Amino acid sequence: MDHSPAIKAYYDQLAEDYEADRFHNSYGQYLQKQELAVIEKYIDSPATEPCLDLACGSGRYLKFATHGCDISPKMIAVAKAQHPD
């Protein structure tokens with residue numbers, strides 16, 4: 001069974017408020033800090049070689065990549081607004 005249309009619709013619906021709803025509270029900020037600590041330990045920022053952020057969503061980690069890809073066009077629009085390059 002292909003769940004892609006349902007997944008796309010779900011994230012399209014969340015796109016505009018995704019970051020605010022998930023990461024602009026104390027728990028979300030805690031998670032963000034922990035994730036960034038691990039990523040920054042192993043990955044250069046900004047990306048120095050071609051790198052794809054697969055399922056990039058709203059683009060929270062695109063500073064570590066040169067390209068982003070996501071199933072949700074609305075999430076890609078949010079990512080492009082935050083990372084016009």
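How many helices and strands does the chain have? The chain has four helices and two strands, and along the sequence they follow the pattern α-α-α-β-β-α. Helices (H or I, at least four residues) and strands (E, at least two) are DSSP runs, numbered from the N terminus. The model is predicted, and local features need pLDDT of at least 70, side-chain atom pairs count only at pLDDT 80 or more, while totals for chains, interfaces and linings use all residues. Residues are numbered from 1 along each chain as its sequence is written, and side-chain values use heavy atoms, with hydrogens and water left out.

**Overall dimensions and burial**

Taken along the principal axes, the C-alpha atoms of the chain fill a box of roughly 35 × 35 × 30 Å. Of the 85 residues, 27% count as buried. Buried means under 20% relative accessible area, exposed over 50%, and partly exposed in between, with a 1.4 Å probe and protein chains only.

**Salt bridges**

A search of the whole structure finds three salt bridges. The criterion is a side-chain nitrogen of Lys or Arg within 4 Å of a carboxyl oxygen of Asp or Glu.

| Salt bridge | N to O distance |
|---|---|
| Lys8 – Asp12 | 3.1 Å |
| Arg60 – Glu35 | 3.2 Å |
| Glu40 – Lys63 | 3.7 Å |

Lys8 and Asp12 both lie in helix α1 (residues 4-14), four residues apart, about one turn of the helix. An α-helix has 3.6 residues a turn, so residues three or four places apart point the same way. Lys8 is partly exposed, at 32% relative accessible area, whereas Asp12 counts as buried because its value is 13%.

Arg60 pairs with Glu35 in a salt bridge. Arg60 belongs to the loop between β1 and β2 and Glu35 to helix α3, so the pair ties together parts that are 25 residues apart in sequence. Glu35 is partly exposed, with a relative accessible area of 31%.

Glu40 and Lys63 also meet through their side chains. This pair links distant parts of the chain, with Glu40 in helix α3 and Lys63 in the loop between β1 and β2, 23 residues apart. Glu40 counts as partly exposed at 46% relative accessibility, and Lys63 counts as partly exposed at 37%.

**Aromatic residues**

A pair of aromatic rings is described by the distance of the centres and the angle of the planes. Rings of Phe, Tyr and Trp (its six-membered ring) pair if their centres lie within 6.5 Å; planes under 30 degrees apart count as stacked, over 60 as edge-to-face and the rest as tilted. The structure holds four aromatic pairs. One of them joins Tyr10 and Tyr11 edge-to-face, at 4.9 Å centre to centre and 85° between the planes. Tyr10 is partly exposed at 40% relative accessibility, and Tyr11 is partly exposed at 28%.

In the pair of Tyr61 and Phe64, the ring centres are 6.5 Å apart and the planes stand at 45°, so the pair is tilted.

Tyr10, Tyr11, Tyr18 and Phe23 form one aromatic cluster. Arg60, the salt-bridge partner of Glu35, lies over the face of Phe23, at 3.7 Å from the ring centre. For a charge to sit over a ring, NZ of Lys or CZ of Arg must be within 6 Å of the ring centre and within 35 degrees of the ring normal.

**Helix α4**

Which residues of helix α4 are buried? In this helix (residues 73-82), the buried residues are Met75, Ile76, Val78 and Ala79. Seen down the axis, they fall within an arc of 160°, so they line one face of the helix; the arc is that of the directions from the helix axis to the C-beta atoms. Lys80 and Ala81 are exposed on the other side of α4.

**Surface features**

Val38, Tyr42 and Ile43 form a nonpolar patch on the surface, with about 330 Å² of accessible area together. Patches are made of residues with over 30% relative accessible area and no salt bridge; like charges are joined within 9 Å, nonpolar side chains (Val, Leu, Ile, Met, Phe, Trp, Tyr) within 5 Å. Accessible areas come from the Shrake-Rupley method with a 1.4 Å probe, and for residues only the protein chains shown count as cover. Tyr42 lies in helix α3 (residues 26-42) and counts as exposed at 63% relative accessibility.

Ala55 is found in the loop between β1 (52-54) and β2 (67-69). Its phi is near 65°, a positive value in a residue other than glycine. Ala55 is exposed, with a relative accessible area of 57%.
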